[in-house]
Amino acid sequence: MTRLFFFPTGLIKGLTLILCLTMISICQAQIGFQVSPAKLYFTQKGTAEQTLRLHLTNPMDTRLVLQATCADWRRDTIGDKVYYPAGALPTSCCSLIKVTPSVIELAPGEQRDVLVTLVADNQARLQSIHNGMLLLTQSNEQEVARLKGASQFIVKAQIGVHVYVIPDENPQPDIAITAMDVAKSGEQYQVKVKVQNTGGALLESQLRLEYLNLETMEEVKTEAMPVNTMPKDTFRVTASVPSKLSAGKYLIVAVLDSGPSQALKVAELETVLK
């Protein structure tokens with residue numbers, strides 16, 4: 001028998017996306033450009049134009065040419081990012097931002113800044129957070145491959161930078177754990193925790209799981225997992241049950257920590273692991 005308990009608020013007191021067309025190890029060896037920061041945040045202030053900087057580094061011994069574009073994205077029911085053309089989603093910020101220059105050439109060893117601007121002409125008063133993914137995509141991969149002597153394959157690198165445009169009205173954040181279950185996948189048990197961003201703000205949370213053996217009272221805590229949500233996001237976070245757990249009756253506790261301004265969200269699941 002499985003029993004599930006939820007605790008309401010107040011009862012408990014308390015990156016860079018890299019896409020390659022082949023293995024990551026090869027990507028890092030042949031093309032290793034760097035971009036920081038991994039996320040850009042604009043807070044809308046009327047229609048005032050704002051500019052932030054991205055810092056790019058080319059540590060290679062060949063020149064690098066990058067093309068800046070923007071794409072929409074949202075998470076599916078298992079938390080994976082799904083990408084869409086710019087402007088396809090109602091929360092897209094792609095039409096609000098401009099990258100200067102949009103084509104970036106970096107000499108060997110060069111570092112430079114790229115300007116990302118929240119454009120005044122395209123702004124309307126936002127009622128909710130808008131977001132997008134600023135993609136910096138290599139466009140001279142064939143040139144680099146020839147210089148590196150890579151005749152069998154060509155590697156194309158792409159780094160994505162999250163861009164968020166936040167309304168100045170400071171929307172109220174809130175998040176909840178709405179379901180939790182455990183199931184066996186092959187020989188491995190998995191815990192699935194369903195989270196829902198029920199507020200109006202972006203939340204960057206940490207989810208940790210604790211396993212208490214109700215027969216021996218031995219407790220095992222796992223490392224926290226990042227759970228980042230936009231308003232109205234709903235998806236399941238899946239974690240493998242530690243293989244070192246012995247068979248028996250367990251109390252599994254999920255704790256969702258969204259920072260000091262938010263109360264911890266906690267759910268408990270009592271189950272038997274065989």
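These notebook entries record what I looked up in the structure above.

**Entry 1. Ground rules**

I note that this is a predicted model, in which local features need pLDDT of at least 70, side-chain atom pairs count only at pLDDT 80 or more, and totals for chains, interfaces and linings use all residues. Residues are numbered from 1 along each chain as its sequence is written, and side-chain values use heavy atoms, with hydrogens and water left out.

**Entry 2. An open sheet**

I began with the strands, which are DSSP runs of E with at least two residues, numbered from the N terminus. I counted two strands as paired if DSSP finds at least two bridges between them. On that basis E13, E14 and E18 form an open sheet of three strands, in the order E13-E14-E18, with antiparallel pairing. Strand E13 (175-185) and strand E18 (234-240) stand at the edges with a single partner strand each, so one side of each has no neighbour in the sheet. From one strand to the next the twist averages 20°; the axes behind this angle are lines fitted to C-alpha atoms, and angles run from 0 to 180 degrees between N-to-C directions.

I then looked at one pairing in detail. E13 and strand E14 (residues 188-197) run antiparallel and are joined by ten bridges. Ala176 has Gln196 in E14 as its bridge partner.

**Entry 3. Pairings of E5**

I turned next to E5. Strand E3 (residues 34-36) pairs with E5 in the antiparallel sense over three bridges, and Ser36 stands opposite His55 in E5. E5 is also joined to E10 by eight bridges, again antiparallel. Here Thr57 has Gln111 in E10 as its bridge partner.

**Entry 4. Two nonpolar cores**

I searched for nonpolar cores, meaning sets of buried Ala, Val, Leu, Ile, Met, Phe, Trp, Tyr and Cys residues joined through side-chain atoms within 4.5 Å. For burial I used relative accessible area: buried is under 20%, exposed is over 50%, and partly exposed lies in between (1.4 Å probe, protein chains only).

The largest core has 27 residues, and Val35, Leu54, Leu56, Ile104 and Leu134 have the most contacts inside it. Among the elements that give two or more residues to this core are strand E4 (39-43), strand E5 (50-57), strand E10 (111-118) and strand E12 (157-166). E12 provides the largest share, five residues.

Apart from neighbours within four places in sequence, the contacts of Leu56 include Val35, Leu66, Ile104, Leu106, Val114 and Leu136. I also found a second, separate core of 25 residues, which includes Ile175, Tyr211, Ile252 and Leu269.

**Entry 5. Cysteines**

I asked which cysteines form a disulfide, taken as a pair of cysteine sulfur atoms within 2.5 Å. The count comes to one disulfide. The pair is Cys70 and Cys94, with sulfur atoms 2.1 Å apart. The torsion about their S-S bond is about -75°, so the disulfide is left-handed. Cys70 lies in strand E6 (residues 64-75) and Cys94 in the loop between strand E7 (81-84) and strand E8 (97-100), so the pair ties together parts that are 24 residues apart in sequence. Cys93 is in no disulfide, and the nearest cysteine sulfur, that of Cys70, is 5.2 Å away. Cys94 is buried at a relative accessible area of 11%, and Cys93 is buried at 0%.

**Entry 6. Salt bridges**

I counted a salt bridge where a side-chain nitrogen of Lys or Arg is within 4 Å of a carboxyl oxygen of Asp or Glu. The structure holds seven salt bridges, and I examined some of them.

- Lys39 and Glu204 form a salt bridge, with the closest N and O atoms 2.8 Å apart. Lys39 lies in strand E4 and Glu204 in strand E15 (residues 203-213), so parts 165 residues apart in sequence are tied together. Glu204 is partly exposed, at 38% relative accessible area.
- Glu105 and Arg63 meet in a salt bridge at 2.9 Å, N to O. Glu105 lies in strand E9 and Arg63 in the loop between E5 and E6, so the pair ties together parts 42 residues apart in sequence. Glu105 is partly exposed at 43%, and Arg63 is partly exposed at 31%.
- Arg236 and Asp181 form a salt bridge with the closest N and O atoms 3.2 Å apart. The pair links Arg236 in strand E18 with Asp181 in strand E13, 55 residues apart. Arg236 is partly exposed at 28%, and Asp181 is partly exposed at 28%.

Notes
Helices (H or I, at least four residues) and strands (E, at least two) are DSSP runs, numbered from the N terminus. Contact means heavy atoms within 4.5 Å.
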